[in-house]
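Here is a friendly briefing to read alongside the structure. Keep the 3D view open and look up each residue as you meet its name.

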Amino acid sequence: MEASLADYLADYLARYPRVLRTGTAVTSAWWRWGAHDVRLHRLPAPDAPVVTVLLHGAGGHGAMLAPFGRLIDGRAEVVAPDLPGYGETRVGGPVDHAGWIACVADLVRAQTRPVVLLGASLGGMLAYDVAATVGPAVRHVVATCLLDPATCAAPSPGGRWSASTARHC
C-alpha cells in the first residue's frame, strides 16, 4: 500500500527536534497563481510586524521548511510555498526559474506587512532574485547559497569535486 503525502510528511517531521514539532500548528491553503495552484504552508502570527517567506531548495517543498518558522516564535508570520514543480503545488504550465521569481514576487506583493525572504540552497538564489525584483517590499534576505550553477566555477566552492561534476563542465 502506498503511503499518502500526509503520512510521509508526518514520518519526516517526526525526525525533527521537539522544538520544531511543537507549538503553533502549521496550516496550509491553496493560492491560485497563473496556471498553478500553489500550496502555501503557514505558521500564522497575525499581530507580528513582518512576514517571513521560506523558500526551499531543489528537491524540497515548503512543508519541510515551515517547522523552522517555530524558531521565530511568533515574531513573524511564516509562509512557505511549494514552488511550482515541487510538493503539492499543482502545475498548469511551464516551470522555470524566471517563473519562480515571478510567483514569489507576486506572493511578496500580496503581503500587507514587510517581508523577510529566507532561502535554502536554490531558494537562496531565488530569494536574492526576488528581492532584486520587488525592491523595498523585501526588508531582508537570508540566503544559504548564492552559487550560479550555470558556471563551472560553482562546483568548486559549493561542494566536493567529483567525476560526475567534472563531466558537466
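Asp 37 counts as buried, because its relative accessibility is 18% (buried means under 20% relative accessible area, exposed over 50% and partly exposed in between, with a 1.4 Å probe and protein chains only). This is a predicted model, in which local features need pLDDT of at least 70 and side-chain atom pairs count only at pLDDT 80 or more, while totals for chains, interfaces and linings use all residues. Residues are numbered from 1 along each chain as its sequence is written, and side-chain values use heavy atoms, with hydrogens and water left out.

**Salt bridges**

- Side chains of opposite charge can pair when their charged atoms come close.
- A salt bridge here is a side-chain nitrogen of Lys or Arg within 4 Å of a carboxyl oxygen of Asp or Glu, and by this rule the count comes to seven.
- Asp 37 has Arg 32 as a salt-bridge partner, and their closest N and O atoms are 2.9 Å apart.
- Arg 32 is exposed, since its relative accessible area is 52%, whereas Asp 37 is buried at 18%.
- Arg 39 and Glu 88 also meet through their side chains in a salt bridge, at 3.1 Å from N to O.
- This pair links distant parts of the chain: Arg 39 sits in strand β2 (residues 36–43), and Glu 88 sits 49 residues away in the loop between β4 (77–81) and α4.
- Helices (H or I, at least four residues) and strands (E, at least two) are DSSP runs, numbered from the N terminus.
- Arg 39 is buried, with a relative accessible area of 12%, while Glu 88 counts as partly exposed at 31%.
- Arg 109 and Asp 106 are separated by about one helical turn because they are three residues apart in α4.
- Both are partly exposed: Arg 109 has a relative accessible area of 48%, and Asp 106 has 31%.
- Shared partners also join Arg 32, Asp 37 and Arg 90 into one network of salt bridges.

**How α4 meets α5**

- Helix α4 (residues 97–109) and helix α5 (residues 122–134) pack at an angle of about 60°, and their axes are 9 Å apart.
- That makes α4 oblique to α5 (angles under 35 degrees count as roughly parallel, over 145 as roughly antiparallel, 65 to 115 as roughly perpendicular and the rest as oblique).
- Axes are lines fitted to C-alpha atoms, for helices over the stretch in contact, and angles run from 0 to 180 degrees between N-to-C directions.
- Among the residues that meet are Trp 100, Ile 101 and Val 104 in α4, and Leu 126, Asp 129 and Val 130 in α5.

- Ser 121 lies in the loop between β5 (115–119) and α5.
- Phi of Ser 121 is near 60°, a positive value in a residue other than glycine.
- Ser 121 is partly exposed, with a relative accessible area of 39%.
- Thr 52, in strand β3 (residues 51–55), is buried, with a relative accessible area of 5%.
- Leaving aside neighbours within four places in sequence, Thr 52 is in contact (heavy atoms within 4.5 Å) with residues including Ile 72, Val 79 and Leu 118.
- The C-alpha atoms of Thr 52 and His 140 are separated by 9.3 Å, and the two residues are 88 residues apart along the chain.
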